[in-house]
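Hi,

Here is the structure I said I would pass on. Have a look at it first, and my notes follow below.

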Amino acid sequence: MGALDIKLFRDLKRLWAQAIAIALVLACGVATLILAVGTFRSLEETRDAYYERYKFGDIFATAVRVPDAKAREIAEIDGVAAVEPRIFEVALLDVEGFREPATGLIVSVPPSGELAVNDLFIRRGRLPEPGRVNEVAIDAKFAEAQRFSVGSRFDAILGSAKTTLTVVGIVMSPEYVYSLGPGDMMPDSRRLADMWMPEETLASLYDLDGAFNSVSVRLLRDANETAVIEAIDDLLEPYGGTGAVARKDQVSNAFLQGELDQLQGMARIIPPIFLLVSAFLINMILSRLIELEREQIGLLKALGYGRTAVAWHYLKLVLVIAAIGVVIGAGVGTWLGRGMTVMYTRFFSFPFLVFRSDVDIYLIAAGVSMAAAAAGALKAIGVVFALPPAVAMRPPAPQVYRQFMGGLLGRMRLFSQVTTMALRHLVRHPVRTLLTAIGTAFAVALMGVAMGTLSSVDFMIDAVFFRTERQDATLAFSSERPGAAYQAVLKLPGVMAAEPYLDLPVEIGNGQYSRQLSIIGKPARTDLSRVLDLDLDPVVLPSTGLALGDRVADILRLRPGDLARVTFLDGQRRTVEVPVTQVIQSYIGLMMFMDIDALARLSGTGPRISGVHLLIDDSQLDALYRAVKETPQIAAVALQSRSRQRFQETMRENMSMMLTVYLTLSIVIAFGVVYNSARIQLSERGRELATLRVLGFHRAEVSNVLFIEIGAIVAIAQPIGWLIATGLGLVITESLATDMFRVPFVIEPGTFAISSIVVVIAALISALIVRRRIDALDLVRVLKTRE
Amino acid sequence: MREAVFRIRDLSKVYRTGNVEVKALRGVDADLFHGELTVMLGPSGSGKSTFLNILGGLDTATAGEVRYRDHDLSSASDRDLTRYRRDHVGFVFQFYNLIPSLTAKENVALVTEIARNAMPPEEALELVGLKERMGHFPAQLSGGEQQRVAIARAVAKRPEVMLCDEPTGALDSKTGILVLEALTATNRELGTTTAIITHNATIGSIADRVFHFSDGRITDVLENETRLSPSDVDW
Ligand SMILES: Nc1ncnc2c1ncn2[C@@H]1O[C@H](COP(=O)(O)OP(=O)(O)OP(=O)(O)O)[C@@H](O)[C@H]1O
Ligand SMILES: [Mg+2]
């Protein structure tokens, strides 16, 4: 090891606390980058490989009853590579020992057992074989949740009869990576089964011999997706087609994509904050170090070390600090990434999902951090480079202080001399003071954003589950029923209140804009499943006209008073013009509401209902469940009370993890910035402080100079932090908003207070650590050193 | 004819800070000969340090010519000056300028690592009588000891030129003598061309020649018949 490297090593030892503080900030950047990028890649590459290998469909369409021959016509559409016509049904399941009714999404398997689209990964067993009426393959998540294995049995209400099914295979499908029951807001593996049964069994049970009601298509590489969708829509229209959707709108895929977008958003926002702050910290301590070592730098040059060699020496110091950060960050990032991936396997169903720790992610993270560190060092290194050896032999000129506000404050005797000293020092370095405050502000902001996200989700839970969807359960019929069905439901045991709804697929348009969505009809004065206006007050649906969700209104450029063009996609396919009467709040999905009777009339039929929302007497729950399980007309039961509970549980779990992570990140930043800035103040003012001690000031009084400075910086940081938090929060929620899911950004005053308290405590602790150094100030040594 | 190591002609140096111009050197002519020991005297601000810094390649002239053997220092690039310092010049400064985080030996090694024909650090420290202290950090050494380490560091690379700016400025007379003895010994034994700046006129008697600086010029050059040993100088 050369003498210069020995110096490097000793410098590092001397600066270890500061170096570690910076390395930790950098490590947070590296860790979050590796976490986000690594998880993103794991998820994305797994998804792509899975989709490719198991032939995930590009287009999905449903209809009422399409003759088998039409499948060949679809295959002949330009750009179509493969077609899988199938029967899709929803059925109630009755699992022994499980009191709630579960729901099955049943997809047919062709007699050949070969799926051209949406192939199945068979984990255990085999696919059900034609002719074996009672065989079923179920998805792995349901199997796991219900502890089912090959050979297990459960009951299902298929068509109009209860049938006992035998599990012959446990499988996974690219179509159901994320699987939600009808009407459910949260995945609930115990209550939702994706099932595969022989085509002929389903055809005879649901009266679909020689026909199909669902189709999935794979496209050729260069196919025109929109054109194919249009062609399919045209083909299926006479058979009750409700509009084909592209892969990007397929539910499971859209949720997966949402998660990927979120990871990408995180990779774009969080790591840069840390890289920025660490670059700033490096700039701060290196500038100071170089100021202190001017003579040494000059000396090295005088001794014949080239300016590049000397600059490199200091850059190396920075790079070593960065390297420590990278190593720590890589370790923590990998660990967090693994944890996150495990968490994903609970929500998403993949045949395989491992955290991809590719070398290049680490290289990128290391490269980016080294670059950030080097960028922070740039200015100081430039000084080293330029310092002429002769000038370096002279100590820097004494710093120029100014009286600020024309010495007014001093004259007013508002502040003691000690305070004046502290404040002047801050004003002496305005840029550094501001940057330090901004650095600290990021700590406040991170905490603020984390807590803001929490309150936003809380707000949404409250809005959705307690103010909008207030029912305990929703019963969905297998097909629409006349209004009398409502009376029958009212007679079920334990039903305290019930409200019917009608869900009709439509194409809604306004000029060039159009979408295929559903209009939901509800009684005008809904009380269980309510409609809320933009102020979250309940709306009374008018006897005519449409209440549009805010996002739909945006997409279709419709405002109250405008006329919307509505084509009903079922039955007579009537097209009508409907006035928009109101824009309402909707956080989930693309929603439109109408008065239920008006909707039925508009579509050209008498009163009918798709299902009923219920308020249930808990003490009669079992009786109700039993009755429901015996009612063949009911295809699915959504249990909002359970969703509500699960949602809160999951959130609490995820959020406490997220809070811990953000709390750590925020403390690391606060500590890194405040500690370093205090150490630098101490180094710049050691002489001054020692002089104060010599003059007879007490330790506490001397430390006050430092505390006042830190206090001022931390105080300036708070409002900046609140501002950044609000801005970041808005940007994040805005960028994560999808058609499916939108969270309003809500930040409560308490949030600001708590994030500020966290940062102030972290600052206080770092100040106390530095104070120990002031107390230990060796008066003789400090005064002897030349500066 | 003695061989001139340095040839300085009409050397001037102007410092510009803002609107203020300081003429530190205004037309200096001088030759320094091989193996010669010179002492520079003169009032504060007369340009001694500026002169020495330019000779040592720490600073560049504003105008005029400075030649070291066949190198033209006045037109040399930073790169060439660095090479020149590395290969030929040893410096000793008033405030020792040791690297505080390196031990005595490591401070010397700082130079021997990059010089071409260096002696081992131990040997250099032995020359100044500090071999026993080589593991000590600067903070553990007295001022005189630190200065001797600095001399060892300068000597270690067997420089052709040794430039010393007030090497005894911060020392008492007894320690000063030790330091000067180390310098004269090197001058004698290695034939190093040596220039020493001092405020102590009596030190002039250890030199071959004494240059007097005043107001940016060399106003007087005094040649000694015989050189005194530092210990015989009356402080
Ligand atoms: N970097 C600089 N910028 C501006 N003026 C300078 C600079 N360096 C030296 N000077 C000025 O040049 C003149 C000569 O300075 P120099 O340091 O050579 O004097 P000196 O003879 O070594 O004095 P001393 O005996 O006090 O060390 C002085 O007036 C000094 O103020
Ligand atoms: Mg001088």
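Which chains surround ligand 1? Residues from both A and B do, so the site is shared between chains. Before you go further, bear in mind that this is a predicted model.

I started with the ligand. There are 14 residues around ligand 1, and those that come nearest are B:S44, B:G45, B:K48, B:S49 and B:T50. Sorted by class, the shell is made up of 7 polar, 4 nonpolar and 3 charged residues.

B:S49 has a polar side-chain atom 2.6 Å from an oxygen atom of ligand 1. With B:G47 the backbone is involved: one of its polar backbone atoms sits 2.9 Å from a ligand oxygen. B:E166 also takes part, with a polar side-chain atom 3.5 Å from an oxygen of ligand 1. On its own, ligand 1 has 630 Å² of accessible area, and the protein covers 72% of that. In chain B, strand 2 (20-33) and helix 1 (48-55) are the elements that give two or more residues to the shell. Helix 1 of chain B supplies the largest share, 3 residues.

Next, the nonpolar interior. In soluble globular proteins, nonpolar side chains tend to be buried together. Here the largest nonpolar core has 102 residues, and A:L286 and B:F6 are the ones with the most contacts inside it. The top contributor is helix 7 of chain A (residues 251-292), which gives 14 residues to this core. Two domains of chain A, domain 1 (1-56 + 254-396) and domain 3 (398-469 + 641-787), both give residues to the core, so it lies between them.

As for chain A overall, you will find 22 helices and 20 strands in it. Its C-alpha trace spans about 100 × 60 × 55 Å along the principal axes. Of its 787 residues, 55% count as buried.

Is A:A81 buried, partly exposed or exposed? A:A81 is partly exposed, because its relative accessible area is 46%, and the cut-offs for that class are 20% and 50%. A:V217 is 136 residues away from A:A81 along the chain, yet their C-alpha atoms are separated by 7.4 Å.

That's what I have so far. Tell me what you make of it.

Cheers

Note on methods. Residues are numbered from 1 along each chain as its sequence is written. Chains are lettered from A and ligands numbered from 1 in the order in which they are written. This is a predicted model: local features need pLDDT of at least 70, side-chain atom pairs count only at pLDDT 80 or more; totals for chains, interfaces and linings use all residues. Side-chain values use heavy atoms; hydrogens and water are left out. A residue is near a molecule or strand if one of its heavy atoms lies within 4 Å of it. A polar contact is a pair of N or O atoms within 3.5 Å; within protein, one must be able to donate a hydrogen and the other to accept it, and residues adjacent in sequence count only if both atoms are side-chain atoms. Accessible areas come from the Shrake-Rupley method with a 1.4 Å probe; for residues, only the protein chains shown count as cover. Helices (H or I, at least four residues) and strands (E, at least two) are DSSP runs, numbered from the N terminus. Ala, Val, Leu, Ile, Met, Phe, Trp, Tyr, Cys and Pro count as nonpolar, Asp, Glu, Lys and Arg as charged, and the others, Gly among them, as polar. A nonpolar core is a set of buried Ala, Val, Leu, Ile, Met, Phe, Trp, Tyr and Cys residues joined through side-chain atoms within 4.5 Å. Buried means under 20% relative accessible area, exposed over 50%, partly exposed in between (1.4 Å probe, protein chains only). Domain bounds come from an automatic or database domain assignment.
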